[in-house]
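Visitor: I'd like to learn how to read a structure from the ground up. Could we go through one together?

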Amino acid sequence: MFRTQLPPVPANARAARQFVTAALTDLRCSHLEATAALLTSELVTNAIVHAHTPIEVRVVLSRPGRIRIEVDDDDSAEPVAPPTPIWPSGDDESGRGLAMVAALAAAWGVDLHTPPAPGKTVWFELS
């Protein structure tokens, strides 16, 4: 498992992409780098914008041929994906992130942390 902790500042979406890319190179999953970096950026940006708490990003080889990327924050509010296949209009500045995750990932979800621990893990898998 690869993990990094990041403060909730906008520049750390880029740091998270770089971390995931390096981890996938080490796991010999370079063919997944572009999609994983894009989706990681979306989840980390959501955590920065909505949770305002420290973030942990993990990359796990969940089973042969499948990687799982997890983004933790300390906000227990569940993200809400827009209904698919409805996409935000071209003028909207946000609202595409979870729709992209749903469209491009093999699976994705949200796991709320067990009380009294605050927060959640938003994750996706690629194969």
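Visitor: In what order do the elements of the chain run from the N terminus on?
Guide: This is a predicted model, so we are reading a prediction throughout. Starting at the N terminus, the order is β-α-α-β-β-α-β-β. That comes to three helices and five strands.

Visitor: Let's turn to a single helix. What span does helix 1 reach from its first C-alpha to its last?
Guide: Helix 1 covers residues 12-26, and its 15 residues reach 21 Å, close to the 21 Å expected at 1.5 Å a residue. Its buried residues are Asn12, Ala13, Ala16, Phe19, Val20, Ala23 and Leu24. Looking down the helix axis, you find these buried residues within an arc of 130°, so they line one face of helix 1. They pack against strand 1 (2-6), helix 2 (33-51), strand 2 (55-63) and strand 3 (66-73). Just past the end of helix 1 comes Arg28, with a positive phi of about 60°.

Visitor: And which elements do the buried residues of helix 2 pack against?
Guide: Their partners are helix 1, strand 2, strand 3, helix 3 (97-104) and strand 5 (120-126). Among the buried residues of helix 2 are Ala36, Leu39, Leu43, Val44 and Ile48. Helix 2 has 19 residues and reaches 26 Å, close to the 27 Å expected. His52 follows helix 2 and has a positive phi, near 55°.

Visitor: How should I describe two helices that pack together?
Guide: Two numbers describe a packed pair: the angle between the axes and the distance between them.

Visitor: At what angle do the axes of helix 2 and helix 3 cross?
Guide: They cross at roughly 145° and come within 9 Å. This crossing is left-handed.

Visitor: Which residues of helix 2 and helix 3 meet there?
Guide: From helix 2 look for Thr35, Leu38, Leu39, Glu42, Leu43 and Asn46, which meet Gly97, Leu98, Met100, Val101 and Leu104 of helix 3. Leu39 and Leu43 are also among the buried residues of helix 2.

Notes
Residues numbered from 1 in each chain as written. Predicted model: local features only at pLDDT ≥ 70, side-chain atom pairs only at ≥ 80, totals over all residues. Heavy atoms only, no water. Helix = DSSP H or I, 4+ residues; strand = E, 2+ residues; numbered from the N terminus. Expected span 1.5 Å × (residues − 1). Buried < 20%, exposed > 50% of the residue type's maximum accessible area, 1.4 Å probe, protein only. Arc of directions from axis to C-beta. Contact = heavy atoms within 4.5 Å. Axes fitted to C-alpha atoms, helices over the stretch in contact; angles between N-to-C directions. Left-handed = near helix turned anticlockwise from the far one by under 90°.
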